[in-house]
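Please have the sequence and the model open while reading.

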Amino acid sequence: MFPRAFFFQDLFFFFFRIISRQFRNPKGLQRSFSNVHAAHGKYQKYAPLSFRSDLSSKTLVFNVEGTLLKSYSLFPYFMLVAFEAGSLLRALILFLLYPFICLVGQDMGLKIMVMVCFFGIKKESFRVGSAVLPKFFLEDVGLEALEELKRGGRKVAVSDHFPQVMIESFLRDYLDVNCVVGRELKTGCGYFLGLLEEKKKDMLHLEEILGKDSIISHDDIIGISQLNSSLDHPLFSHCKEIYLVRRVDKRSWQHLPRDRYPKPLIFHDGRLALRPTPLATLALFMWVPFGFVLALIRAAVALSLPYSMSIPTLTFTGVKVEISKPKLSSSVLRSSKENKSKKGLLYVCNHRTLLDPLYLSFALKKNFTAVTYSLSRLSEILSPIRTVRLTRDREQDAKMMERLLNQGDLVVCPEGTTCREPYLLRFSPLFAEMSDDIVPVALDTHVSMFHGTTAGGLKCLDPLFFLMNPRPSYTIQLLDGVSGLSTCQDSDKSRFDVANYVQSEIGKALSFECTKLTRRDKYLILAGNEGITCNQR
């Protein structure tokens with residue numbers, strides 16, 4: 001009995017050591033060194049590349065996972081596909097298979113991940129590659145690697161692991177890469193089959209990839225890859241020189257700062273706010289059951305209890321609300337006695353989540369009406385404050401807002417849609433004509449696991465996902481009052497000037513950048529539609 005027990009104990013620790021080693025350095029998801037071109041003397045260390053002054057006339061062929069990204073693991077990106085394009089169940093299956101994926105080797109492990117993530121996904125509706133993954137790829141880009149690539153002329157990205165649909169949008173739209181050559185996926189009847197196409201054995205010509213008008217000499221092609229990785233991709237055979245990046249160099253790279261992005265990341269979609277590494281994914285699945293129950297408790301408290309009881313109770317459950325008021329707000333925030341014969345106050349907020357008006361109501365401990373451009377029917381029914389939908393017809397919406405202001409205070413989010421990043425979309429100027437007493441409100445949120453907004457998913461679940469975070473927080477700043485258009489008729493100000501001024505004041509308070517982008521721009525980028533027929537159930 002005892003020898004058998006010791007045998008199983010030794011066997012358990014043997015597999016535990018193997019799996020833990022794979023977690024620290026997942027070789028199963030990396031490539032081995034190939035000595036295909038070693039005899040030709042093409043290799044150079046990465047460092048001399050920075051001393052070359054002729055890169056602007058060269059074509060750079062680089063390996064994405066070997067020379068651009070800091071991390072070695074591909075698992076987080078496939079987990080994002082499984083969770084965002086598939087379901088929680090699909091993501092759970094991929095996570096449970098991860099130790100096995102590490103043990104079976106690189107090729108089989110990649111095939112398993114592709115099968116789990118892509119099987120049965122409709123090709124036409126797959127937008128994770130353009131709406132979700134660019135954010136996580138940009139956060140993983142090495143600053144030093146990108147600086148070298150930017151010095152090149154034409155840039156060709158190759159990948160032996162990532163499917164084309166996962167990396168093409170990120171590289172083309174955000175890094176200005178001219179051409180992307182990734183793995184192709186097999187499809188049938190418009191759906192991904194979860195299988196990779198076989199690698200092309202024949203020679204690929206850069207002229208065919210970059211266009212027929214491109215005439216490229218082999219002397220003008222430089223390859224960049226990782227030391228101890230395979231160089232059997234056909235495009236590397238065109239390179240006169242190949243520079244290799246050492247692992248020790250990649251460890252010393254800095255992550256690409258947001259202000260150094262070649263193009264700003266303003267819009268992105270998806271529910272996951274964390275990078276789903278194996279350990280983070282484990283924490284995620286352990287939290288989800290408890291977080292779901294906690295979210296229901298928080299919602300019940302907010303809907304059923306008065307402010308005096310709900311606010312401390314929500315704080316006890318981890319919900320954090322910070323509010324700051326301007327010193328000169330007394331001229332705008334009049335007492336209720338002075339407002340009996342006048343219109344209510346018009347609170348103008350930037351839009352972070354559907355809960356913006358509700359959190360403002362909790363912060364001020366007062367009820368008011370919120371007008372919104374898009375609200376799910378379920379959220380409208382459960383909302384503890386009155387909500388009214390706008391029709392996007394200017395005259396009709398103006399009459400509605402005028403009537404509501406005569407009844408009391410009103411909240412409006414003139415951006416028309418939410419924005420997660422530190423940017424403000426264009427403010428619709430309609431509010432500038434509605435009231436002389438405008439109170440700009442700067443809102444910001446912080447989440448650690450789930451985003452409480454979506455462009456392509458079910459909007460009715462937005463509040464639930466926000467409340468499922470361990471410690472969701474709101475920061476509310478009431479700014480100095482702004483006069484409406486009627487009091488500015490003697491000046492040259494227009495409603496657009498008032499709207500732009502309110503946007504700029506909120507932007508300064510939050511240190512956000514103001515843009516001219518609209519709801520239509522957001523939905524065209526993230527969902528492929530204009531945001532009119534999006535799912536709002």
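Is S511 buried or exposed? With a relative accessible area of 66%, S511 is exposed. The model is a predicted one. S511 sits in the loop between α18 (495-510) and β18 (513-514). Its phi is positive although S511 is not a glycine. K365, likewise not a glycine, has a positive phi too, and it lies in the loop between α14 (356-364) and β11 (369-372). K365 is exposed, because its relative accessible area of 55% is over 50%.

| Residue | Phi | Relative accessible area |
|---|---|---|
| K365 | about 55 degrees | 55% |
| S511 | about 60 degrees | 66% |

**Helices α4 and α12**

Helix α4 (residues 88-104) and helix α12 (residues 278-304) have axes that come within 11 Å and cross at roughly 130 degrees. The two are therefore oblique to each other, and their crossing is left-handed. On the α4 side the contact is made by L88, A91, L92, F95 and Y98, and on the α12 side by P278, T281, L282, F285 and V288. Nine of these residues are nonpolar, one is polar and none is charged.

**Helix α19**

In helix α19 (residues 519-526), the buried residues are R519, K522, Y523 and L526. Viewed down the axis of α19, they fall within an arc of 90 degrees, so they line one face of the helix. An α-helix has 3.6 residues a turn, so residues three or four places apart point the same way. The buried residues of α19 pack against α6 (128-131). After α19 comes G528, with a positive phi near 75 degrees.

Note on methods
Residues numbered from 1 in each chain as written. Predicted model: local features only at pLDDT ≥ 70, side-chain atom pairs only at ≥ 80, totals over all residues. Heavy atoms only, no water. Axes fitted to C-alpha atoms, helices over the stretch in contact; angles between N-to-C directions. Helix = DSSP H or I, 4+ residues; strand = E, 2+ residues; numbered from the N terminus. Parallel < 35°, antiparallel > 145°, perpendicular 65-115°, else oblique. Left-handed = near helix turned anticlockwise from the far one by under 90°. Contact = heavy atoms within 4.5 Å. Nonpolar A, V, L, I, M, F, W, Y, C, P; charged D, E, K, R; others polar. Buried < 20%, exposed > 50% of the residue type's maximum accessible area, 1.4 Å probe, protein only. Arc of directions from axis to C-beta.
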